[in-house]
Amino acid sequence: MYDASAELLGYHNAEVNLPSTERTNMRKRRDANRARLKKGLADAGKPAPIGQHTQGSYAMHTMVQDENTDYDIDDGVYFRKDKLVGPNGGELSALSVRQMICDALQDDRFNTPPKVLKNCVRVYYNEGFHVDVPSYRRIETTDSWTGKVVYSYDLASSDWKTSDALAVTRWFKQRNEHHSPDFHDSDGQFCRVVRLLKAFARSRSSWKSLTATGFMITKLADDSFSASAGRDDIALRETMKAIRWRLEWNTTIAHPTINGETIGHDNDARPGHFKDRLIENLKHLEVLDTADCTHEAAMAAWDKVFCTDWFSQQPPPEEGSDGSGSKSDRSPTRPVEKREGGRYAASALP
């Protein structure tokens with residue numbers, strides 16, 4: 001296969017991975033949102049949170065760039081179950097808690113006010129992105145054998161529903177270490193391939209509402225990942241092939257941390273859409289296997305996959321000493337950027 005590993009890494013770093021400055025700006029908005037929520041709850045005489053924890057793609061560092069700044073930060077808020085009671089001592093419903101959060105987050109500076117959704121409260125920022133605030137209650141029980149306190153968590157959805165989003169973050173970090181041949185030297189090949197798959201899935205505006213979600217893609221990548229040390233181009237292509245065939249026989253995607261649950265709903269068409277787009281675009285990469293594949297042909301193929309002209313703007317590699325244009329000794333033109341927090345240390349549970 002034609003070696004486009006340096007170009008793919010360059011594309012990932014320049015056009016896919018979220019820059020540190022963007023993450024910093026999002027973190028500032030998140031922190032301001034947290035302060036707004038705490039103040040709003042206190043002013044209304046409502047229960048104080050016992051913790052607020054970022055989750056989802058922001059926490060897993062798999063968020064990708066979007067030209068329309070269509071970013072979604074999940075920032076869960078946690079309460080003790082025994083504090084979520086009404087004026088007469090009755091247990092608050094899941095809807096009542098979401099409404100309580102929505103009321104506390106109101107701010108006249110928002111063009112669009114926060115809104116109660118099925119699984120969260122959404123805060124719309126004027127810049128285009130939004131912060132989703134799911135609410136959780138922490139349940140304390142005592143283990144009959146050890147006498148230790150055991151915590152479990154319920155999400156305020158259409159009703160109270162067992163859920164631990166932080167467990168998903170821990171799962172991803174463990175899988176990234178398991179899959180990635182370069183985990184101790186970078187952010188991990190698995191993590192980069194997940195970002196590239198998500199960028200591919202969102203590369204056409206007409207796909208965004210139809211294709212698999214980022215969480216679906218992350219789990220599909222885990223099910224089908226094919227590592228290739230030093231060759232992200234091979235790892236990405238082989239993983240795309242494996243996902244395509246995995247979805248050919250089964251489009252149901254199991255939840256990674258909750259037994260018996262799936263990601264998506266019954267008869268969900270989004271995984272099938274993602275499969276069809278993989279089939280279409282894997283054909284573009286077949287030219288990479290020809291013995292006489294040129295740099296121009298290879299770059300054009302990757303441009304088609306990601307719906308860009310970035311690759312065609314990359315200069316050809318310097319010819320090897322034998323005049324063949326061999327890239328066997330090439331190294332990435334830019335190192336993979338490590339993010340703050342070392343290798344993404346997990347936040348402690350509230």
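Is Tyr 136 buried or exposed? Tyr 136 is buried, at 3% relative accessibility (buried means under 20% relative accessible area, exposed over 50%, partly exposed in between, with a 1.4 Å probe and protein chains only).

## Basis

This is a predicted model: local features need pLDDT of at least 70, side-chain atom pairs count only at pLDDT 80 or more, and totals for chains, interfaces and linings use all residues. Residues are numbered from 1 along each chain as its sequence is written, and side-chain values use heavy atoms, leaving out hydrogens and water.

## Strand E5

Strand E5 covers residues 130–133 (strands are DSSP runs of at least two E residues, helices of at least four H or I, numbered from the N terminus). Both of its faces are covered. His 130 and Asp 132 are buried on one side, Val 131 and Val 133 on the other.

E2 (residues 72–80) runs parallel to E5, joined by three bridges (strands pair if DSSP finds at least two bridges between them). Ile 73 has Val 131 as its bridge partner. E4 (residues 121–124) runs antiparallel to E5, with four bridges. Arg 122 stands opposite Asp 132.

## Aromatic pairs

There are 15 aromatic pairs (ring centres of Phe, Tyr and Trp, the last by its six-membered ring, within 6.5 Å; planes under 30 degrees apart are stacked, over 60 edge-to-face, the rest tilted). Tyr 78 and Tyr 136 are stacked, because their centres lie 4.7 Å apart and their planes at 10°. Tyr 78 is in E2 and Tyr 136 in E6 (residues 135–142), so the pair ties together parts 58 residues apart in sequence. Tyr 78 is buried at 0% relative accessibility.

## Cysteines

The structure holds zero disulfides (cysteine sulfur atoms within 2.5 Å). The sulfur of Cys 102 is 10 Å from its closest cysteine sulfur, in Cys 120, too far for a bond.
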